[in-house]
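Here is a friendly walk through one protein model, written for someone who likes to see the cut-offs behind the words. Please have a look at the structure before reading on.

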Amino acid sequence: MAALVAGEAAAPPGPAEAAETAEAAELSRALSRLLPGLEADSKLSRRRALEALQRAIEAAWPEEPAAESAAAAAGFQGPWARLLLPRLLRCLADPAEGCRALAAHLLGLGLRRAARPRDALPRLLPALVARLAGPESERGRPPETCEELRLALVQLLGLAVRLGGAALAPHLDDAVRVLRCTLLDPFAAVRRESCQCAASLARATPDHFHMQSESLIGPLMQSISHQHWKVRVAVIEATGSVIQFGNGKSVDDVLPHFAQRLFDDVPQVRQAVTCVVGGWLLDLRDRYSFFHKLIPLLLSNLEDDIPEIALAAASLWEKVGLQWQRENEDDLKDKLDFASPPPAHHPSPDNRPGLGCRELVFRNLSKILPAICHDVTDWVAGTRVKAAQLLAVLLLHAEDHVTQHLEVVLRTLHRACADDDRAVVRSCTRSAELVGAFVSPEVFLKLVLPALKKSPSPSGLLILASIVRGCPREALQPHLTLIATELARPHICQGSENVRETMDALAAAQDIDGRQDLYREHAGPLVEWLAASHHDWTVHSAELLQFVVVVNHAGPALGEVLPHLVPVLRSCLQPARDPQMRLRLFSSLSRVLLSAKQTVDSQGHFHHYLDTVTKDILVPNLQWHAGKTAAAIRTAAVSCLWALISSEVLSDEQIWKVQEMLMPQILTSLEEDSQMTRLISCQIINTFLKTSGGVADADKLIKVYPELLKRLDDVSHEVRLAATSALVTWLACVRSDDDVRSCYQSHIQFLYRELLVYLDDPDGTVQDAVLEVLKAGSVLFPELLARETEAVIHKHRSPALCQQLLQHLQAQPPAQ
């Protein structure tokens, strides 16, 4: 190769060389002396040759005026293109990283120094492709392994784009191929530089770029959520240029990603989205086709937390409206000539949006509203807040045109005003006020009042209040009687959610010491008044809500109103009544029974109503009926029974009476699908057995243990342990019976055999619990238990517990 270079230097001068100036000829001779060093085997020699070339080029850099500088550049063009460019391009693949870096630097110097840098593009672009977009890059490993060198090469591509201009059009394929890889480079600085290069490429080749622009959208959108905010900003700005000078069809692919960047924590990112979208609305060739998609993105930033972003969005939006107004003057001639003043009750008449802005919103509102109605109930709080803010902005622009969309708007506000996020509710009440300002009361009342009458809710009342607040007084005056009449209906005016706060306020107004004293004074007449309508109650009745509030919050006052309270519960908890209402009442009843001494038995009179509660309320609801709702009611009834017998207000004799009446139903409930029902039933049976003592009927007692044995196979660990505890109590009942040997021996033997099986259970906790049951029952027939244990000990995986049981039997005193 050195000989080739020497040969080129010694060859007879051709026509091109003959035309060279003396300075150019001198530079050619100087370069020719240095170029052989680029082929040296030594890395150090090649590096020294590149450094010498750098000094030679920099020394030849002209300091003359512009005219002489142009002449010098023309003289540099020949040596650069003929001698230097091909050698430097080969050096981009040099094994030494330092040599590759110098070669990239020298290529940049040469492009800036040459008179016709575009002449280098046919050789430069393929070389860049080889270093930045080779086969390895498709597998995530670019051929150029050095991050700083990849950055230098992308900067070199950007320089070529700026200097080459439109001449880059034939090489678009190569440039885009490079950018598709470098836009996804692991090095953040390479991505930023690639974004700038993509934007420059789009501006440099506007007539041809549209054929390649779509292939850059994918990599750009993959980088738009990069962890570095500067990369995100660069991607957004580059996307603006790529679509502006490329194919407008890509707008649909980009918009979802831009919408996500509106929630970016970094203000500069949101600012970039604002500027790019505003630029599209002003300059995009197909912008009329995308108005309904771009307008929401720009208007969303009118409510940004950063004032600079909100002002930028407002300024751009004003320009968009004015430009559209100028472009459509003929269509708007009448509105321009006979401009209408702001509505009389406009919230900010001095800052009323311009005609062009209002018309743009009005004409696109039907396409924008469905997306807002969807987003305002999105599961992400930030999306709901943005959608609610945008809806208020759109209504401010639409003014009285919102009338034709009023049903959809009110339905959306009704859902959104029930949101837990205060920011969403605040924006929705603002929207409702705008409805009141721009829509006639005759129109909005026909939609608001029937919905409120059909299904009253706090959100519905909030919407009505906000609309009324925004409506002009003189327009609302003729409708005040109608509004007041609807609000005075019982199912509306008697509903409340903030019960405690309301009761505290009422107690304070009446100078009563707390809400408990208020309940004590008024609970009797209130329950008596409610009882008059209880035959017609459903789960949606306002009277039921009031009754439940009294039951849940009246406390000791309940003990004074039992003559009215219990009959209402007995009637409403019959199987023929509304199932959902029964579930709600059982929930309240369980709560008060758990603290019966402080509620229903505060006066010590609840035992007078025990038969009614047991026979007329619990027994009917413990009967089996098909369906999930019926199962839930049985669970609620079992929970009420457990609350009753564990409340410590019943004597053992009273619990015994309850047991006589309900034991068959409780034994049946051990087979329920609900784990909670089975668990509570085991606990109830345990309590029944403990209170029965030695007075249990043998025939009835024998029916209990087989059902408890079945629960030892339960899928629930808690139920299995509860069943073993109940079996210990059952054995205690048997032990106290004098007729043990005559009535129970065969049953006890069966129980021994079954329990010995569970003594080898995989669950160690269950093994220990069963061992305690066997120890408790061993006093009945110790010899029988010993024989049964010795018969199965060899079958157990571990005989330790059987041996422990036998030792316990041997330690017992001999039976009398």
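## Ground rules and confidence

This is a predicted model, in which local features need pLDDT of at least 70 and side-chain atom pairs count only at pLDDT 80 or more, while totals for chains, interfaces and linings use all residues. Residues are numbered from 1 along each chain as its sequence is written, and side-chain values use heavy atoms, with hydrogens and water left out.

The average pLDDT (the predictor's confidence in each residue, from 0 to 100) is 85 for the protein, and 91% of the residues score at least 70. Residues 1-19 have a pLDDT below 50, and this stretch makes 12 contacts (heavy atoms within 4.5 Å) beyond near neighbours in sequence. Residues 63-67 are also below 50, with 1 such contact. Where pLDDT is low, the predicted coordinates should not be read in detail.

## Aromatic pairs

The structure holds 5 aromatic pairs. Rings of Phe, Tyr and Trp (its six-membered ring) pair if their centres lie within 6.5 Å; planes under 30 degrees apart count as stacked, over 60 as edge-to-face and the rest as tilted. Phe258 and Trp280 are stacked because their ring centres are 5.4 Å apart and their planes meet at 10°. This pair links distant parts of the chain, with Phe258 in helix α14 (residues 251-261) and Trp280 in helix α15 (residues 267-283), 22 residues apart. Helices here are DSSP runs (H or I, at least four residues), numbered from the N terminus. Both Phe258 and Trp280 are buried, where buried means under 20% relative accessible area, exposed over 50%, and partly exposed in between (1.4 Å probe, protein chains only).

Tyr705 and Phe750 form an edge-to-face pair, 6.4 Å centre to centre with 65° between the planes. Tyr705 lies in helix α38 (residues 704-710) and Phe750 in helix α41 (residues 745-758), 45 residues apart. Tyr705 is buried at 4% relative accessible area, whereas Phe750 is partly exposed at 40%. Ring pairs join Tyr705, Trp730 and Phe750 into a cluster.

## A buried arginine and a lysine

Arg582 sits in helix α32 (residues 579-594).

Lys657 belongs to helix α35 (residues 652-669) and is partly exposed because its relative accessibility is 47%. Its C-alpha atom is separated by 13 Å from that of Thr612, 45 residues apart along the chain.

How values were computed
Helix = DSSP H or I, 4+ residues; strand = E, 2+ residues; numbered from the N terminus.
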